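Here are my notes on this model, point by point. Please read them with the structure open.

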Amino acid sequence: MMGKFKELLDRKSLSLVVSLPENDLSLARAAMEEGADALKVHYNVGHRASGNHFGPLDNYAEVFQVIRSEFGGPLGVVPSGSIDGARREDVERLSGMGFDFYSIYAHHLPSFMLNDLGLDPTFAINDEYEPSLVTSAAHYGFAALEASIVPGNEYGTPLSFADVLKYRRLVLQAQIPVLVPSQRKLVPEDVRVLHDTGVKAIMLGAVVTGKTEDQLRRAVHGFRNAVDSLNRPDHIS
């Protein structure tokens, strides 16, 4: 059965995912109101780009429930920042909490998570992976690949053509939808080239959204307009 996230990626030529810098209802509402197609939250993980640490699942069960009740689009979760932290008893609760997809680094993903958990599975690779490995992902039923390939010491720097070529290679090799997270300081002007590269979703995270509601609103709004304008004929003024 096709899950809600996979359906979104199939239906839209380019989707806008917002990875919340904190598990905060006002940030989630701001992202929804500004037009996010999907939301992603975290637990049990230290987040390098935002400097935030997310505690255990039970700390957030209530806020996740409220976000789910208010948001009709796909809701995803990063369930761990390590392979030891991906605990079966937590992960098996996620679909019952209303999550639609999970996202986790391949080297943090234990074998039990390859079972059908009622979620669209997505996985991330970092800059140390051999890109040709991703060709096998479709065999295991993955819905998407998150191309988290920018080295940590380069977070927040501008997108270059060298990055675009790497994303293009992954698009051609993965045979599943490729998501690009905002490890670079993406700007709305980057949307067209990422779309032309064959990327199926842009995931805005802390590097672009900042940590306040106002910053996040401005960022999501700018990218929403850029994505929507892809579908409009260019007006020559």
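1. At what angle do helix α2 and helix α8 pack, and how far apart are their axes? The angle is about 20 degrees and the axes are 9 Å apart. Here α2 covers residues 25-33 and α8 covers residues 213-229. That makes α2 roughly parallel to α8. (Angles under 35 degrees count as roughly parallel, over 145 as roughly antiparallel, 65 to 115 as roughly perpendicular and the rest as oblique. Axes are lines fitted to C-alpha atoms, for helices over the stretch in contact, and angles run from 0 to 180 degrees between N-to-C directions.)

2. A note on the source. This is a predicted model: local features need pLDDT of at least 70, side-chain atom pairs count only at pLDDT 80 or more, and totals for chains, interfaces and linings use all residues. Residues are numbered from 1 along each chain as its sequence is written, and side-chain values use heavy atoms, with hydrogens and water left out. Helices (H or I, at least four residues) and strands (E, at least two) are DSSP runs, numbered from the N terminus.

3. On the α2 side, the contact uses Ser 26, Leu 27, Ala 30, Ala 31 and Glu 33. On the α8 side, Glu 213, Leu 216, Arg 217 and Val 220 take part. Contact means heavy atoms within 4.5 Å.

4. Val 227 also belongs to helix α8. It counts as buried, at 3% relative accessibility (buried is under 20% relative accessible area, exposed over 50%, partly exposed in between, with a 1.4 Å probe and protein chains only). Leaving aside neighbours within four places in sequence, Val 227 touches Leu 14 and Val 191.

5. Now the aromatics. How many aromatic pairs does a search of the whole structure find? There are 4. In one of them, Phe 5 and Phe 101 have ring centres 3.8 Å apart and planes at 10 degrees, so the pair is stacked. (Rings of Phe, Tyr and Trp, its six-membered ring, pair if their centres lie within 6.5 Å; planes under 30 degrees apart count as stacked, over 60 as edge-to-face and the rest as tilted.) Phe 5 lies in helix α1 (residues 4-11) and Phe 101 in strand β6 (residues 101-105), 96 residues apart. Both Phe 5 and Phe 101 are buried.

6. Tyr 60 and Phe 64 form a tilted pair, with ring centres 5.7 Å apart and planes at 35 degrees. Tyr 60 is buried at 15% relative accessible area, and Phe 64 is buried at 1%. Ring pairs join Tyr 60, Phe 64 and Phe 99 into a cluster.

7. Tyr 167 sits in helix α5 and is buried at 1% relative accessibility. Beyond four places in sequence, its contacts include Ala 147, Ile 149, Val 180 and Leu 194. The C-alpha atoms of Tyr 167 and Leu 194 are 8.3 Å apart.

8. Two backbone points to check. Asn 44 has a positive phi of about 60 degrees, although it is not a glycine. Asn 44 lies in the loop between β2 (38-42) and β3 (45-47) and is partly exposed at 28%. Gln 175, also not a glycine, has a positive phi of about 60 degrees. Gln 175 is in the loop between α5 (161-174) and β9 (178-181) and is exposed at 60%.
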